[in-house]
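Hi everyone, thanks for coming.

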Amino acid sequence: MALTSDQYQSIMLTYAEKQDRHRRELERRRAGVYAAIPEYRALEESVPAKSLSYLTASLEAGADADGFDPAGAEASLKKEFEAAAQKKKDLLVSHGYPENYLEPLYDCPVCRDTGFTDGHKCRCFIRQEVSLLYSQSHVCELARTENFSVLSEKWYKGVDLQRFHKAAEASRLFVREFDTHSRSLYFYGTVGTGKSFLSVCIAHDLIESGHSVLYFSAISLFEKISSYSFDYKARESLAGLYEDLYGCDLLIIDDLGTETTNTFVTSQLFACINERHLRGRSTLISTNLSLAELQARYSDRVFSRITSDYSIFQFTGNDIRLQKKLLAKQAAPPD
Ligand SMILES: [Zn+2]
């Protein structure tokens, strides 16, 4: 989806505020250091003077080219700068400051709090955009009752328990190592065996830790893409949607296979998982489809991407929602 100009401005304003906050903090630090180490200040102020003398010498040499060696002067100036920088670091350290105490500060070192890197939106920009554009209220609502703190294995027995336990452990690891290991997960199995529950647990923890998470049911995802694709007026919205789908930290596609699958859906699904893979972004797919059904329903390329790049977990057992309902019925007083 595309941001309105007001929304865009409001995000850019957060960057201006960050830069401002860091600039003020740096000024505060610098004033403290100047007061504590006068020599530091003298050193810092001597640098512009040296540059000026170099510049003057260069200009004068314009008139009398024989008397000036620009390369030599530049090299010696560089040396002096390096020595001064080292001296400043030493001074800071000897007075109990960290050596990087006066270096620029950033919330996001990747884009240096500008929101953009290499001409693309930075992840920190997309994080703000996603929370602005896609209401995560559904996931947040679910996460209130479904999160790792209430995870229980009491509904499973035997091999079902082993499978759930393995998937739950992998989900915890997925969250823990999210920033250092890009992984994708494929949860498949029968209805009511905990796939969506674990997806919500993961979404909850990653949203809490400031990541951009897009959570779509397969039906709503493909509906959204097709409604923009077939409306020529929505070209910008479609481009924005792709950027978010491909760029968000985690994309969750819930209940894959419940949508009406056709060649359009299949090609969109491939584009999505392939592009995210190329960008090193994690994706989580949950589905009732077995691997054989996945292969039959979508293209071979979708099947091979998923089976080669995703960690695959099977869920089995009785429908937990049904078990809970039965239990509640038994506990209720007779009519
Ligand atoms: Zn950034």
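I'll talk about a pair of helices, then another helix, then a loop. Keep in mind that this is a predicted model.

Okay, the helix pair. H1 covers residues 5-36 and H4 covers residues 123-133. So how do they meet? Their axes come within 11 Å and cross at roughly 135°, which makes the two helices oblique to each other. The crossing of H1 past H4 is right-handed. On the H1 side, the contact uses Gln-7, Ile-11 and Thr-14, while H4 brings Phe-125, Gln-128, Glu-129 and Leu-132. Sort those residues by class and you get three nonpolar, three polar and one charged.

Next up is H7, residues 195-208. From first C-alpha to last, its 14 residues reach 20 Å, close to the 20 Å expected at 1.5 Å a residue. Is H7 mostly covered or mostly open? Mostly covered: twelve of the 14 residues are buried. Among them are Phe-197, Leu-198, Val-200 and Ile-202, but also Lys-195, His-204 and Asp-205. After H7 comes Gly-210, with a positive phi near 85°.

Last stop: the loop between helix H3 (70-94) and strand S1 (116-117), where Arg-112 sits. Arg-112 isn't a glycine, yet its phi is positive, about 50°. Asp-113 lies in the H3–S1 loop too, and its phi is also positive, near 60°. How buried are they? Arg-112 has 18 other C-beta atoms within 10 Å, so it counts as partly exposed. Asp-113 has 22 within 10 Å, so Asp-113 counts as buried; the cut-off for buried is 20 or more.

That's my tour, thanks!

Terms used. Residues numbered from 1 in each chain as written. Predicted model: local features only at pLDDT ≥ 70, side-chain atom pairs only at ≥ 80, totals over all residues. Axes fitted to C-alpha atoms, helices over the stretch in contact; angles between N-to-C directions. Helix = DSSP H or I, 4+ residues; strand = E, 2+ residues; numbered from the N terminus. Parallel < 35°, antiparallel > 145°, perpendicular 65-115°, else oblique. Left-handed = near helix turned anticlockwise from the far one by under 90°. Contact = placed C-beta atoms within 7 Å. Nonpolar A, V, L, I, M, F, W, Y, C, P; charged D, E, K, R; others polar. Expected span 1.5 Å × (residues − 1).
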